[in-house]
Amino acid sequence: MLNKILICSLGSIGRKHLVNIKKYWPEVELGVWRSGEGYYSSELNQAIKVFKDLDKALDWKPKGCIIASPAKYHLSIALKVAKRNVPVLIEKPIGTGEENELEWELLRKYSEKLPIMIGYVFRYDACAIKLKEEVERGKIGRILDADFQCSSWLPEWRKDIRYEESVSALRELGGGVLLELSHEIDLAHWLFGEIRVLGSFLGNSNILDIDVEDYALVTAVNNQGVGISIRLNFCSEYEKRVITIRGSKGELIWDLNQASLSIETNSNSSLFIGEQDRTNIYKKQFEHFFNSILNNAEISCTVSEALKTLNFIKNARYYSDNGKQVKT
């Protein structure tokens, strides 16, 4: 029985997780561990326990732990939690790419016997599942290329703090558009398997008062020769989030903001409508995580999968800085 869940950190995503769990699983006792340096949050009132010491929080014996801290701290917290044999959901991205490789290997070892899942929540979107089904059954023929685009406006992401002070804007905490909008990179891996960087350009537009890249263009290819472009920014007030997959017999267009999937072929055109309430995909993610704890269900996004996304980001940054790829 999942009677206790610990949430590590209570930033915007931590609060979202707390509210959703309390909404759908009101019987679960929620504990919160935070350093004490964060902003006051009224959501704390929904927690039965608040800890300033992680060891004491783990002594509370939670049945699962959600790590929602800045990405810089994900690995160190996850190792400490996993060492206590507590299943872990790590909010994306899994890290910043600057961590010790031996410690990543240790977390991989823990994940062989303990549920450790990374929170790439769009995998649970009904449109994503339908899209993957159509790709795999050859609805649009042989896949030729795919485009992943996300344009957004960072100042609107979090209403409770100045964007300049947010994790997304601070390099030392793991900010930058590639890490913050890594959902698109994860989805590219999920849909097309192993992908490698062919070229990239990262930049700071100077539109925002931040010291990280706020736009990125990355070209890639998978092992079957599918060309992939990934275009990300959080410096555009014109918001758009669309994945387009083109094949020899048609194309698939998933508009994430409209929650719709357009399926176009010469003989047929149809529109699939997905999740209108975005909290539903978080509910599905928690159901999967809880099922992995209680019934040993297969993990959706594993440590190894999330590290492939992180390595892709490292390669994209290196390529942009040096004009060539990292030797692997």
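Gln149 has Arg231 of strand 10 as its bridge partner. Strand 10 (residues 227–233) and strand 7 (residues 143–153) run parallel and are joined by 7 bridges. Strands pair if DSSP finds at least two bridges between them; helices (H or I, at least four residues) and strands (E, at least two) are DSSP runs, numbered from the N terminus. The model is predicted: local features need pLDDT of at least 70, side-chain atom pairs count only at pLDDT 80 or more, and totals for chains, interfaces and linings use all residues. Residues are numbered from 1 along each chain as its sequence is written, and side-chain values use heavy atoms, with hydrogens and water left out.

Both strands belong to an open sheet of 8 strands with mixed pairing, in the order 8-9-10-7-11-12-13-14. Strand 8 (195–203) and strand 14 (269–273) are at the edges with a single partner strand each, so one side of each lacks a neighbour in the sheet. From one strand to the next, the twist averages 15°.

Two helices lie across strands of this sheet. Axes are lines fitted to C-alpha atoms, for helices over the stretch in contact (heavy atoms within 4.5 Å); angles run from 0 to 180 degrees between N-to-C directions.

| Helix | Residues | Angle |
|---|---|---|
| Helix 7 | residues 183–192 | about 160° to strand 7 |
| Helix 9 | residues 303–322 | about 55° to strand 8 |

Gly138, with a positive phi near 75°, follows helix 5.
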